[in-house]
Structures are given as structure tokens and as C-alpha cells.
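Here are my notes on this structure, as numbered points. Please read them with the model open beside you.

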Amino acid sequence: MKILLAEDDTQVRTELRELLVAEGYDVTTAVDGIDAFEKFRADELIEILLLDIRMPRCTGLQTLDAIRKIESGSDRIFEAIFITGNGDNDAVIAALKLGAFAFLFKPLVVEQLLTELGDASDTINQRRYRAFQSALLTNQGESVQLTKITTAIKGGMGATSEIAAIGAEHYTPGIELHVHRISEMALCIAARMELEQEHCQQIRLASLLHDIGKLGGPADLYTAERKLTEEEFEKTKEHTNLGAALLQHYDDPIIKIAQNIALQHHENWDGSGYPAGLKGDEISIEAAIVHAVDIYDNLRSTRPYRTALPHHEAMDVLVNGDEKSNPDHFHPGVLQALLSQHRQIEAIYERYKPMEGQV
Ligand SMILES: [Fe+2]
Ligand SMILES: [Fe+2]
């Protein structure tokens, strides 16, 4: 989540910036109200405004007022938190009228600051998630046909898929949240890529089963709280073939897609993935979508060999790579869709966030 920190005191600004960056926030700074207004307008990634009330040229209140006016009618989602001196009650009332999310009084208490920022992030993500859901409903609302399709899917194989995916939880705590995140993220990307509505819904359900092969073991490796050896890692790769084998006997169209996703969701666009080393369009679009969101989700989750990354750092790894990941691993159209939908993706992650100790 990106914060715009507007504070005229250089030392406070520098210290706060360092603190917030260490907490995983992406931070831009402004030296006064006009600077803040211009930076907010120029960078639409900014979602939280942390404004000092007393600043030269333009106060924090005037800044928020100007931003609210210029953004009225736009669908930009943001929240503002004010920093103010103790006893400045008039300013507090004025800020309330402007719809401030919270106030922090000087001297700042770090825990309070982080709590307010965490709450503002949650609120933003919830609003974004609701906006994503209602946009989907609006797009699909007129299609009676689609309602029929969704009902049929939900009633039949959909339920089976969900139950089977949730069944895998037995082996990896929290996997039901992981599969729900993957399912919604895959739907979000598929919709962005303008795949047929029915196809999008099929992908949503089929992707619930992407890791179903993990049911075939080795369970101890999936739950191991340590880095796997080379040999053990090779064994876990088998969940792709196992998943496809588990699903091969069903004739349902969703299960056919699920089978393909289970088999190919670790294949890389440049041919360096597994199990078959498929390349480019040899990989189905459904699997390419699940592959990208699965990697994003893994980067956001704590692993025995590294801590969870915040959203913007996970996006950075997808786009620029790191020692394990490379942008050439992804279908270019999928990566582009992921970038353009990154806020919705973050909101979905937050909606189905894992609890401590879960994947
Ligand atoms: Fe997998
Ligand atoms: Fe997965």
C-alpha cells in the first residue's frame, strides 16, 4: 500500500519515512500541502494520505479539501490520516467534516500510527474488493444466460470442486484460503483479459482444484517448516501429474479445465517450468493465469526460507524478477492484466488473508 507522507519538518519526515518503509509500506514524501496535492494527483498508486495539519503554503486540511473536490465523481479509493498538535480541537472537527479516517496527536506513538495505518489499509482493501465484486455483477447482470450457467455450475460440479479443494486442507493448514484466493484472482485476470463470461466462471471453479494433487502426498513435505532438499522438492513437483491423474476420469467441462490447470500450473512461459517444460502457447491460458496468481500468492505468504512480502514488493518481483522468479516465466498478456488489476488482486489477498502459521 502506498502512502503519501506530507510533513514540513525534515527530521520528522525522514524518521517517519524510514519507519514506514521498514514496516513494508511504499512511501512518497511531500514537504508541504501544495507538494502533497500535486504528488497525489500525479501518482494514482497513492492510497493513504498521512498529512500534517500545520504546513506552509497550504495546510493539511486545505490539501484534503482540494483533493476531495477534484476527485469528486472519480472512483479513486483513498483514506486520509491527520497528524495534529494536542488540543487543536477546531482542526479535528474540520478534519472530521472532510471525512478523515483518523487523527494522531503529537508526539506520535508508533503503535497507534501503525494500528491506524493497518485499519486504513483494511478499509481500502474492503472497499476495493466490494467495488471489484459489484463491477463484476454489473458487467454480468444483464446476462440471464450467465445466471443460468453459474447456477448450473454452482449446483453441480462447482460444489464438488469446492468440497474437494477444501478437503485438501487436511494436508496443508490454510490451503482452503489459498485456493479461494487463487480462484478469485484467476477470475479477476480472466475477466480483465476479456475471456467469455462462461469461460471466466469455469476458470474460477476449476482453479480451486489446482493443487488437488497434493492430496496424493507426500503430506509431510507440504507441511514441512523448513527449506526442502533438492530431492524433496523434486517429489513435490509430482502434485501436478497426480492432480491431473486424479481428475482424468471425469467428463465434465470444468473438470477438464481443472485437469489441465492441475497439470500445467507450474509451467513457465519460457519453457523452464515443470512437469513437462512446456513453452509459450503450449501452456493453456487457464494454467498461465493460475500460474501467475499462484506465484503472487506465494510471494505474499511466509515460507520457511523467507518472510512474506508486502503487495508492492511481490509485484516488483513479478515484473523485475529475483533469484527464483523471472518475468519471462509468465504469459505476457497475463502479466499485463495482473499489473493493471493489481489493486483488486491485493484486495482479494486481504479478503482471504491467511492466519498466522497458515499458507
Ligand atoms: Fe501447485
Ligand atoms: Fe497453489
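1. Start with burial. A residue is buried if 20 or more other C-beta atoms lie within 10 Å of its own, exposed if 12 or fewer, and partly exposed in between, with C-beta atoms placed from the backbone. By that rule, buried residues make up 38% of the 359 residues in the chain. This is a predicted model, in which local features need pLDDT of at least 70 and side-chain atom pairs count only at pLDDT 80 or more, while totals for chains, interfaces and linings use all residues. Residues are numbered from 1 along each chain as its sequence is written, and chains are lettered from A and ligands numbered from 1 in the order in which they are written.

2. Next, the parts list. The chain holds 16 helices and five strands. Both are DSSP runs, numbered from the N terminus: helices are H or I with at least four residues, strands are E with at least two.

3. Now contacts. Two residues are in contact if their C-beta atoms, placed from the backbone, lie within 7 Å. Of the contacts with a separation of 6 or more, 67% join residues 24 or more positions apart.

4. Which residues touch the most other members of the largest nonpolar core? A nonpolar core is a set of buried Ala, Val, Leu, Ile, Met, Phe, Trp, Tyr and Cys residues joined through C-beta atoms within 7 Å. The largest one has 49 residues, and A186, I189, A258, I289, A292, V293 and Y296 touch the most other members. Helix α7 (residues 175–192) gives the largest share of this core, 10 residues. A second, separate core has 33 residues, including V27, A95, L117 and A120.

5. Look at I189. Setting aside neighbours within four places in sequence, I189 is in contact with I289, V293, V334, A337, L338 and Q341.

6. Follow α7 to its partner. α7 packs against helix α13 (residues 285–300) at an angle of about 130°, with the axes 9 Å apart. Axes are lines fitted to C-alpha atoms, for helices over the stretch in contact, and angles run from 0 to 180 degrees between N-to-C directions. The pair is therefore oblique. Angles under 35 degrees count as roughly parallel, over 145 as roughly antiparallel, 65 to 115 as roughly perpendicular and the rest as oblique. The crossing of α7 and α13 is right-handed. A crossing is right-handed if the near helix is turned clockwise from the far one by less than a right angle, and left-handed if anticlockwise. On the α7 side, the contact uses H178, R181, I182, M185, A186, I189 and A190. On the α13 side, I289, V290, V293, D294 and D297 take part.

7. Is helix α12 (residues 253–264) largely enclosed or largely open? Nine of its 12 residues are buried, so α12 is largely enclosed by the rest of the structure. The buried ones are I254, I255, I257, A258, Q259, I261, A262, L263 and Q264. α12 reaches 17 Å from its first C-alpha to its last, close to the 16 Å expected at 1.5 Å a residue. The expected span is 1.5 Å times one less than the number of residues.

8. α12 also meets helix α8 (residues 197–206). Their axes come within 9 Å and cross at roughly 60°. That makes α8 oblique to α12. The crossing is right-handed. Q202, I203, L205 and A206 of α8 touch P253, I254, I257, A258 and I261 of α12.

9. Compare another helix pair. Helix α2 (residues 33–42) and helix α3 (residues 60–71) have axes that come within 9 Å and cross at roughly 30°. α2 is therefore roughly parallel to α3. α2 passes α3 in a right-handed crossing. The contact is made by G33, A36, F37 and F40 of α2 and by G60, Q62, T63, A66 and I67 of α3.

10. Check a strand residue. L104 sits in strand β5 (residues 102–105). L104 counts as partly exposed because it has 18 C-beta neighbours inside 10 Å. Beyond four places in sequence, L104 touches I81, I83, Q112, L113 and E116. The C-alpha atoms of L104 and E116 are separated by 8.6 Å.

11. Finish with V317, in helix α14 (residues 311–320). V317 is partly exposed, with 18 other C-beta atoms within 10 Å. Leaving aside neighbours within four places in sequence, V317 is in contact with L299, L309, D322 and S325.
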